[in-house]
Amino acid sequence: MQKLVEIVAGVTSGTTTATAVVEEHLARIKAREAEIHAFNLVTADQARKDAAKIDEDVKAGKVVGALAGVPIALKDNMCTRGVETTCSSKILQGWKPPYDATVVTKLRNAGAVIVGKTNLDEFAMGSSTENSAFGPTKNPLDISRVPGGSSGGSAAAVSAGFAAASLGSDTGGSIRQPAALCGVVGVKPTYGTVSRYGLVAFASSLDQIGPFTSDVRDAATLLEVISGHDPMDSTSIPQPAASLVSVLDHGVKGMRIGRVTDLPEGCEPDVLARLEAAFDAMRNAGATIVDVKLPSLQYCLTAYYLIAPAEASSNLARYDGVRYGNRVDAADLNAMYAATRESGFGEEVKRRIMLGTYALSAGYFDAYYGKALKVRRLISDDFARAYKDVDAILTPTSPSTAFKFGSKTDNPLAMYLCDVFTIPTNLAGHPAMSVPFGVGTDSMPVGIQVLATTMGEQTMFKVAAELERAS
Amino acid sequence: MSESISKETVVKVSRLARLSLTSEQAEKMTSQLAGMLEHFRDIDALDLSDVEPMTQPYPLKNVMREDVEAKSLDRQEVLDQAPAAESGRFRVPPTIGFDV
Amino acid sequence: MSDSTTLPNGWQLVVGLEVHVELATKTKMFSASTNRFGDEPNTNIDPVTLGLPGALPVLNKHAVELAMRIGLALNCKVQPCTFHRKNYFYPDLPKAYQITQYDHPLNVDGFLMLPGDVRIGVERAHLEEDTGKSTHFGGSSGRIHGSDYSLLDYNRAGVPLVEIVSRPDIRTSEQARQYVAELRAILLAVGASDAKMEEGSMRCDVNVSVHKAGTPFGTRCEIKNVNSIRSVGRAIDYEARRQVDLIESGGTVRQETRHWDDATGRTETLRTKEDADDYRYFLEPDLVPLVPEQSWIDQVRAALPVLPAARRNALAELCGVDKDGESAFVVVERGQDDYVREVVSSGGDPRRSVIYVQQAFAEQGPTPKVPARDLAALTILERDAKVTSTQAKTLLTDLIEAGGGDVAAMAAKRGFEALDTGALEAMVDAAIAAEPGAWQKYCAGEEKALGALVGAIMKSSKGKADGKAVTAILQSKRTK
């Protein structure tokens with residue numbers, strides 16, 4: 001399976017064609033997609049047309065983009081004009097947006113070939129992709145196990161070679177955790193560096209789009225293309241995309257890498273063992289390991305599961321059957337709203353809407369949402385203190401390797417605990433990425449999470465590249 | 001955050017959220033939410049009196065745009081995706097009672 | 001106009017007004033769709049307007065500027081502010097939440113002056129977005145109650161609004177009408193809105209309560225659907241009476257929203273929902289704080305035009321008329337005060353200048369066709385009694401028709417000349433001699449007899465006698 005950068009090099013130099021590359025990926029899809037169900041929709045015809053156009057342009061000597069000919073899959077919560085965008089929910093089944101998300105426009109302008117829309121937990125709420133209304137995605141490395149979530153489809157697509165890269169979204173770990181479980185690289189950038197315009201909102205102050213790739217260099221390349229200020233997004237940081245590829249070979253000599261001494265419990269021993277190995281690798285590469293404390297870490301889950309559902313309850317109120325999506329008719333408006341939302345939303349989505357509505361409601365606001373925002377400040381302050389002493393931090397991405405289907409679906413709280421290491425960075429708005437680093441006792445991949453401070457992507461990628469070299 | 005959530009509250013909240021729950025569903029929801037809220041009581045231990053809420057991950061301000069018109073979406077393309085439309089507009093069942 | 005809110009038994013009225021104003025921007029508050037009234041339905045739409053999945057708001061800088069103009073014109077403090085979401089379900093609200101301002105609005109603590117130096121506090125003037133428009137079909141009344149379906153047009157959704165909330169300082173329905181009229185004049189003067197109540201670019205919600213002096217304010221009712229300045233007064237008068245009657249018959253006023261029906265002249269309860277909506281306000285995470293720089297605020301303040309009240313004051317001072325009187329109001333409202341100033345600088349009699357313009361220039365607009373010096377000349381002719389006031393009126397009409405001219409020549413052409421005092425005295429003496437009966441009655445105190453004498457003189461002079469002068473001479477003769 002080719003790397004993204006290899007494809008671009010091959011296509012632009014003429015040693016291969018975009019058509020050949022896309023056919024190769026479509027063939028892999030044909031062979032295993034029925035088994036894996038990474039996609040809600042495979043856009044084979046359009047992909048072939050796009051690839052042919054790239055080849056035409058290359059032949060004619062025209063300038064092609066930084067992702068020329070690269071087959072890319074998009075999580076099905078990113079608006080693609082005229083192409084069904086469902087968020088894996090019945091309420092949006094069949095909906096075709098009249099506009100493209102900014103990241104989609106950027107990908108097209110860069111010459112990427114979009115091969116399809118990938119499966120997710122409904123409205124990005126979940127950690128296993130079992131909450132999809134259209135059936136789960138299987139982990140390509142072991143189809144009895146989950147790929148993680150909510151961007152399970154995007155992670156699986158790269159892991160199975162269906163696409164050279166994919167985009168996912170991360171609100172509490174929805175890129176990093178599936179990346180870890182599927183053995184690929186997944187990045188959540190600094191909040192505000194990648195435009196959210198056209199990303200169907202789950203929790204507005206936490207959501208970010210990021211890449212899945214098979215290696216760190218590909219991730220850096222793709223992230224450079226999709227980053228940058230967007231005037232259509234008021235929370236977009238007014239700075240150009242950072243240069244990431246250029247720092248990948250810098251190494252970690254002299255860097256201070258943080259080890260969190262008050263990490264929440266519940267992490268499997270084999271995962272912890274891989275974390276230790278990661279610290280060893282850093283030491284061998286010339287970094288110093290420094291202990292840091294993040295006392296508010298243990299409260300992050302609570303803060304997240306109050307803030308995210310609160311924002312989500314407001315963001316999902318627009319699904320009322322009036323202007324788009326599926327409607328269940330009724331005699332009067334309120335009955336129509338209720339019937340539409342009852343049948344259109346799955347269990348987990350309803351649960352979070354209820355929790356969020358409650359947390360915002362009169363009489364409860366201060367006790368729940370109000371308090372959670374203060375806990376958010378605490379974790380942000382904890383990180384700020386820690387980053388005085390360290391340049392980056394390493395933690396496990398997920399407390400365990402990929403778990404079996406159905407093993408956590410009975411107890412929502414058990415599922416929420418999957419996000420315990422990823423949530424803090426969403427709350428703080430910091431960047432973090434998962435790098436595959438060995439396997440667990442069950443031979444399933446383990447991901448190590450690299451954390452850096454706001455706009456610390458260059459540092460983060462230096463460490464990630466070193467980890468990858470040692471893995 | 002001391003009491004657990006009651007079924008009555010759950011029903012009230014479900015109406016606010018325009019989610020219709022059967023009695024059974026409301027009961028199940030009540031016990032699940034109660035379980036979660038019980039877990040979330042851990043933050044009661046924190047003294048947050050001097051802590052400023054954090055609402056923005058990155059401190060931006062004054063993001064504005066110039067008053068320049070852009071082309072409208074095509075009405076037909078949009079109405080083709082509507083559950084019900086008539087005379088160039090979206091059609092919905094009536095509300096009971098007066099307009100507020 | 002006299003105050004029409006007289007409540008019995010010592011009841012007093014308390015009114016607060018919430019006025020929503022559509023801003024005169026080219027585009028919407030949070031997206032670049034066109035902001036224009038009257039276009040085909042759903043032709044000014046975009047992902048943000050429709051609340052499509054993935055859409056994000058971006059604040060319109062010009063809307064902020066216009067909102068600042070309004071705030072500064074109302075003597076508000078302009079301050080750093082934030083945006084909140086107000087969450088509720090209604091089909092004309094595309095995102096199922098309205099972006100508005102809650103605890104930190106842009107403009108606070110201002111005031112507006114009414115005639116008679118009455119000061120009405122303005123609590124706040126904040127930014128928010130408008131909803132779409134629903135039209136209801138089916139039911140016999142054409143309103144929603146019992147109708148079959150509704151159609152939605154989102155052209156108006158997202159149009160920038162400023163909501164101006166007064167303090168409950170208004171005490172009569174007349175004051176309420178004056179407040180709305182003055183606010184409208186200010187909005188037009190600063191160019192923030194075309195403020196047309198009939199088109200909905202200015203909408204008033206009226207809060208009414210009653211109490212007795214020395215007791216706390218009563219429970220208030222909010223009245224919606226008040227679509228003209230006249231309705232503001234009528235709705236207040238009706239509602240105040242309704243509340244008084246209710247309390248006096250042993251009932252209590254319920255806090256509720258009521259609907260004003262202009263046809264029947266009554267307010268009616270809107271059906272109260274079982275659960276009053278809990279709006280679950282929280283800070284809008286898709287927007288960032290607005291902190292207008294002092295230099296921007298100063299710039300906007302400096303660029304404000306002279307406001308209507310100040311213009312009326314200046315005109316009143318110049319012309320010796322009442323600043324709260326009709327001439328000042330009418331002339332400034334028409335934008336003709338600068339013209340009057342020009343007439344006076346050309347030598348015109350100040351008082352006559354403003355009155356002529358008030359009475360005769362209704363059709364003329366802010367730049368009357370009659371050259372200022374010509375009008376000035378006419379005022380001088382009348383002042384110097386070279387023509388009578390009746391003759392002056394005729395000449396004024398001639399001037400307007402001709403678009404100016406040499407008034408002295410026009411007067412001569414018409415054969416106008418006022419009779420001098422000596423001639424007038426002689427005519428009066430002749431009339432007294434001719435009508436001794438009428439004169440005796442007048443001397444005995446019958447004022448009506450005056451009319452007969454004056455009429456006779458006017459007739460015999462063929463209109464050349466100045467009626468006022470003749471009356472004055474008769475009056476002084478009587479007292480001798």
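Is C:Tyr88 buried or exposed? C:Tyr88 is buried, and its relative accessible area is 17%. Welcome to this structure, which is a predicted model.

**Aromatic pairs**

- Over all chains, a search of the whole structure turns up 25 aromatic pairs.
- One of them joins C:Tyr88 and C:Tyr279 in an edge-to-face arrangement, with 5.7 Å from centre to centre and 70° between the planes.
- C:Tyr88 sits in the loop between strand 4 (84-87) and strand 5 (97-100) of chain C, and C:Tyr279 in the loop between strand 14 (266-269) and strand 15 (282-283) of chain C, so this pair ties together parts that are 191 residues apart in sequence.
- Another pair is formed by C:Tyr339 and C:Phe361: the ring centres are 5.6 Å apart and the planes stand at 35°, so the pair is tilted.
- This pair, too, links distant parts of the chain, for C:Tyr339 belongs to helix 8 of chain C and C:Phe361 to the loop between helix 9 and helix 10 (372-383) of chain C, 22 residues apart.
- C:Tyr339 is buried at a relative accessible area of 5%, and C:Phe361 is buried at 0%.
- In chain A, ring pairs connect A:Trp95, A:Phe123, A:Tyr319, A:Tyr324 and A:Phe345 into a cluster.

**Helix 7 of chain C**

- Helix 7 of chain C covers residues 326-333, and its buried residues are C:Ser327, C:Ala328, C:Val330, C:Val331 and C:Val332.
- What do these buried residues pack against? Their partners are helix 6 (308-319), helix 8 (337-345) and helix 9 (350-360) of chain C.

**Where chain B meets chain A**

- On one side of this interface are 51 residues of chain B, in contact with 66 residues of chain A.
- About 5,200 Å² of area is buried between chain B and chain A, and carbon and sulfur atoms give 70% of it.
- There are 2 salt bridges between chain B and chain A; B:Asp44 forms a salt bridge with A:Lys371, where the closest N and O atoms are 3.1 Å apart.
- The interface of chain B and chain A also has 15 residue pairs in polar contact, both residues being at pLDDT 80 or more.
- Helix 1 (7-16), helix 2 (23-39), helix 3 (75-79) and strand 3 (89-92) of chain B each bring at least two residues to the side of chain B that touches chain A.
- Helix 2 of chain B gives the most to that side, with 9 residues.
- Sorted by class, the side of chain B that touches chain A consists of 33 nonpolar, 11 polar and 7 charged residues.

**Two buried serines of chain A**

- A:Ser151 lies in the loop between strand 3 (113-118) and helix 5 (152-159) of chain A, and at 0% relative accessibility A:Ser151 counts as buried.
- The side chain of A:Ser151 makes a polar contact of 2.8 Å with the side chain of A:Lys75.
- Beyond its neighbours within four places in sequence, A:Ser151 is in contact with several residues, including A:Asn119, A:Thr129, A:Ser169 and A:Phe212.
- From C-alpha to C-alpha, A:Ser151 and A:Gly173 are 9.2 Å apart in space, and they are 22 residues apart in sequence.
- A:Ser204 is in the loop between strand 5 (185-188) and strand 6 (208-213) of chain A, and A:Ser204 is buried at 0% relative accessibility.
- Which side chain does the side chain of A:Ser204 make a polar contact with? The partner is the side chain of C:Arg85, at 3.5 Å.
- Setting aside neighbours within four places in sequence, A:Ser204 also has contacts that include A:Tyr191, A:Glu311, C:Pro285 and C:Asp286.

**A glycine in a chain C loop**

- C:Gly218 is in the loop between strand 11 (202-212) and strand 12 (221-226) of chain C, and C:Gly218 counts as partly exposed at 28% relative accessibility.
- Apart from residues up to four places away in sequence, C:Gly218 touches C:Ser209, C:Val210 and C:His211.
- C:Gly218 and C:Gln255 are 37 residues apart in sequence, with 9.7 Å between them in space, C-alpha to C-alpha.

Conventions
Residues are numbered from 1 along each chain as its sequence is written. Chains are lettered from A and ligands numbered from 1 in the order in which they are written. Side-chain values use heavy atoms; hydrogens and water are left out. Contact means heavy atoms within 4.5 Å. Buried area is the accessible area (1.4 Å probe) that two parts lose on being put together, summed over both. A salt bridge is a side-chain nitrogen of Lys or Arg within 4 Å of a carboxyl oxygen of Asp or Glu. A polar contact is a pair of N or O atoms within 3.5 Å; within protein, one must be able to donate a hydrogen and the other to accept it, and residues adjacent in sequence count only if both atoms are side-chain atoms. Helices (H or I, at least four residues) and strands (E, at least two) are DSSP runs, numbered from the N terminus. Ala, Val, Leu, Ile, Met, Phe, Trp, Tyr, Cys and Pro count as nonpolar, Asp, Glu, Lys and Arg as charged, and the others, Gly among them, as polar. Buried means under 20% relative accessible area, exposed over 50%, partly exposed in between (1.4 Å probe, protein chains only). Rings of Phe, Tyr and Trp (its six-membered ring) pair if their centres lie within 6.5 Å; planes under 30 degrees apart count as stacked, over 60 as edge-to-face and the rest as tilted.
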